[in-house]
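The sequence and the coordinates are shown first, and the description follows.

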Amino acid sequence: MTKDATIQTRLFDWTLVIVLLLISFLCLLPLWYTLAVSLSEKSAASAGQVWLWPVGFNWNSYKQIMNDSSFFHSFWISIQRVVLGASITMIITTMMAYPLSRSARDFRLRNALMWILVFTLLFNGGLIPWYMTIKALGLYNTIWALVLGGGVPVFNVILIVNYFRNLPKELDEAALVDGAGPWRMLFTLYVPLAVPVLATVTLFTIVYHWNEFFHGLVLTSGEEHYPLQTYIQQLVVVIDTANMTEDQYKRLNELSNQTLNAAKIFIAMIPVLLVYPFLQRFFIHGITLGSVKE
Amino acid sequence: MIKKKISIAMALMLVVLSACSQSEGNKVNTPSSSTEEETTHQTDESEQPSDPFGKYSETITLTYGKAVDPSDKSLPAGDTPEKNQYSRHILDNLNVDTKVIWQAASGTNYDQKVNLAISSSDLPDALVVKDTQLRKMVKSGQLEDLTDIFDKYASPAMKNFMAKTNGQSDKSVTFDGKMYAIPSIQVQSDGVHEMWIRKDWLDKLGLTPPKTIEELEKVAAAFVEQDPDGNGKKDTIGIAGQQNGGRLYTNFLESTNNTFGLDPIFGAFKSYPGFWLENESGDPVYGSILPETKEALGKLRDLYAKGLIDKEIGIRKSAYEPVTGGKAGIFFAPWWMGYGPLPDAIKNDPSANWQAYLLPLDADGQFNSRMGAPSTSFVVVRKGYEHPEAVIKMLNLLVRDEAKFDISVPVGYYPLRVPMSYTDESEYSAKALKEVLAGTKKPEDFTDPGYKLLAADIQNVKKVKKEPYDNMDIQHWDPQADTGTWSRIYSLLVGSSPLEQNYNKVYSVLYSQTKTMESRWSNLKKLEDETFMKIIMGAAPLDQFDKFVSDWKKQGGDKITEEVKAYNQ
């Protein structure tokens, strides 16, 4: 807001503020609702009586989670996955993006490689070949299946390539004159200059690895290998009553335990909520900064 | 330049294609190598007599995929879904070492894993599958023929269970005269949908359980308008409906346990949409396209317009909500509601007196119920597994010992467990409990171990049922004493007792898919579901039904009807 604002612009500003407040309220509402359900009485939650304030406030769900070893086991797997996955992806994508950001005169295979990359972006073999490949490589049931499979997100590579290409060519030449080789050029010149885009891509990767659940289900043999989101997904997935049998009715009540599941979902959200503020300042400049340079 | 790019793309395709054919080759190899093993094993098998419970002299292994319940925490420390009291029981008695090759939460996740295993031909030795999966596996030749082995090794008790289904179970696993799976045998009460009604509301408003559609309409109107919950607000629902993704009525593919559908209302019009019926000349017809169905839809449309059916039918996130929240007065569901949603409903309102009836009746005073398929899950054995009879022995053992197991650990942990019981188990148990309570029979009079939970039920019944024993109203129960026991006994005495009456049982001519259905059925079903919901909710005129019938026939329905006819001959 500028100082010499007229009434009109001020009105405009305030409207913006109100609209944005409403939008952020809409974003916060599901989080708040989940928290309220997790702190409520089980029967009240299943009767749909909980709205913005817990009904029959209690900590039982959280106490129960504290005793749930498989929840924390999966939590630990997810942390491993995020740390390994984010580091591997960042190293590979950066090293891939640098040569691809050179012109075809400097690097003759550039265009061919780029085509291969784009091809994989548009087409893939589907689930079954993917599963068979992972199995044949001996990655099934290991953390590597989740980390290496999909370790090169092509979209992210392209983002970084474009950022690199928009950095001034003059810097490049200056470094060359000073006797820097490709490695030195990448790590002392390009990487520090590209911190915004790298931070953005890191955030994408972390969020992806934290939230992805389907590979955890398909590429592992059971709960002791599940990352956290797979563990949660199996709890909240809608059960089909059509083929249920007697002992399944018995467990139906536990399965529809909304309060416990809400507590688990809430705890699972915390890490991403914590990472966001730290990377967010880069995120704001992130992608746009690269595109407006020059 | 463009040419170059295309050629690169094509080169890539070649790599992909050759990779595919490579794996194809592997697939062909595996069965041939295992057939050799099979022949060797058959020779040593003939030396031993075929004993249904025969113990192997050397430990053999069997790998399988397991559906688990993620919320279950009953396993003692150190035990796993793979190694527990049940797997040890099998190892001790049969010398079969069972290994879980993968596990997933029962339901969608387990199905996904099974589909993945089928498509990639990466199969464990044995699996529990659904009907569609069984058909796919038979078609791609992945399964061992169990005809002779079952004949030789199945225990008399197991054959007895099969016999009670009048050949329906055999039929579901026999393809070209060969038996490819062992079917589950489920209680028939799972397919009968009853009317559950708030009797305390009826009493308060001076009404009786509605016997006909007209009375149903009157009672529902009273529930909506006369404030039965006494909170001074007009916020009650007459008839609750299915949730988002739920079904309006069961169908021949998913023929049991449709909670909150409206099946009995259709039944009162002698209409059975979703089922294959026989017309006067004995030819199969699809129930959804018959005039009775139009009549039933017209009535439902009328009830909905008057606000007597839940306005949010088919949209609600959970159909349980209005019931546990004390807002609904009538819903339709099978016998086991004591397991859920009723425990939460009485926790919120201890006076919620839900009772079950075989109502409403049709114009001739008869209750018409569609019946479920007796078998919905199937145990299959991978083609080439060396000891297919081990699977049958494991199931023999399950049937023999199920009543004796310590069920503080659910019996679902038994490897390859599928339900096996007499189809009349719940009605029979309800009747037996009533006779014991009335003192006309003694616990010792019930000795058939096939009714496996009955002995425990008789022992527990007085824990939760208070006197007078012949009055089933909620104030004569003690749910707090033991919720688990209450769930079962209430389900039996309130939910299953009505099934002792005579009622008209309507079976579908077919409980599985024909060839054209594989490609067409999902679209036809979508057309049906959407049209019917639109008609009920008033978004389309009732005469839209006639257009639906002709569309259905044109879009493959006629061809499918022919196939069903051929299938039945």
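## The second largest cavity

Six nonpolar residues, no polar residue and one charged residue make up the lining of the second largest cavity. In this predicted model, that lining consists of A:Leu167, A:Pro168, A:Leu171, A:Asp172, A:Leu189, A:Tyr190 and A:Leu193. Two elements of chain A each give two or more residues to the lining, namely α9 (169–177) and α10 (182–193). The greatest contribution is that of α10(A), with three residues.

The space in the second largest cavity amounts to about 30 Å³. The structure as a whole holds two cavities of 30 Å³ or more.

## The largest cavity

The largest cavity contains about 50 Å³ of space. Its lining is formed by B:His193, B:Asp263, B:Pro264, B:Gly267, B:Tyr272, B:Phe367, B:Asn368, B:Ser369 and B:Arg370. The elements of chain B that supply two or more of the lining residues are α10 (263–268) and β13 (368–370).

By residue class, the lining of the largest cavity comprises three nonpolar, four polar and two charged residues. For the second largest cavity, the corresponding division is six nonpolar, no polar and one charged.

## Annotated spans of chain A

An unreviewed UniProt entry carries the annotation "transmembrane region" for residues 12–33, 75–100, 112–131, 143–164, 185–210 and 262–279 of chain A. Two of these spans are described here in terms of the model.

Residues 185–210 of chain A are 96% helix and 0% strand, with 32 Å between the end C-alpha atoms.

## A β-α-β unit in chain B

Strand β1 of chain B spans residues 60–68, and seven of its nine residues are buried, so the strand is largely enclosed by the rest of the structure. Its partner is strand β2 (residues 96–105) of chain B; the two strands run parallel and are joined by nine bridges. Within this pairing, B:Tyr64 is placed opposite B:Val100 of β2(B).

Together with helix α2 (residues 85–94) of chain B, the strands β1(B) and β2(B) form a right-handed β-α-β unit. The loop between α2 and β2 of chain B contains B:Asn95. B:Asn95 is counted as buried because its relative accessibility is 13%, below the cut-off of 20%.

## Backbone features

Most residues other than glycine have a negative phi, and most peptide bonds are trans. Several positions in the model depart from this pattern. B:Asn95, a residue other than glycine, has a positive phi near 65°. A:Asn141 likewise has a positive phi, near 70°. The position of A:Asn141 is the loop between α6 (127–136) and α7 (143–148) of chain A, and its relative accessibility of 23% makes it partly exposed.

Two cis peptide bonds in chain B may be noted. One links B:Leu359 to B:Pro360, with omega near -5°; B:Pro360 belongs to the loop between β12 (354–357) and β13 of chain B. Another joins B:Glu467 and B:Pro468, with omega about -5°. B:Pro468 is located in the loop between α16 (454–464) and α17 (483–496) of chain B.

B:Gly282 itself occupies the loop between β9 (276–278) and β10 (284–286) of chain B. Its relative accessible area is 35%, so B:Gly282 is partly exposed.

A further pair is formed by B:Leu499 and B:Asp424, which are 75 residues apart along the chain and have their C-alpha atoms separated by 9.4 Å. B:Leu499 sits in the loop between α17 and β15 (504–506) of chain B. With a relative accessibility of 5%, B:Leu499 counts as buried.

How values were computed: Residues numbered from 1 in each chain as written. Chains lettered and ligands numbered in written order. Predicted model: local features only at pLDDT ≥ 70, side-chain atom pairs only at ≥ 80, totals over all residues. Heavy atoms only, no water. Buried < 20%, exposed > 50% of the residue type's maximum accessible area, 1.4 Å probe, protein only. Helix = DSSP H or I, 4+ residues; strand = E, 2+ residues; numbered from the N terminus. Pairing = 2+ DSSP bridges. Right-handed = clockwise from strand over helix to strand, strands pointing away. 1 Å grid on protein atoms, 1.4 Å probe; cavity = no way out; pocket = protein on both sides within 12 Å on 5 of 7 lines; lining within 4 Å. Points joined across faces, edges and corners; volume = space filled by probe spheres on them. Nonpolar A, V, L, I, M, F, W, Y, C, P; charged D, E, K, R; others polar. UniProt positions renumbered as here; feature names shortened; annotations may be inferred.
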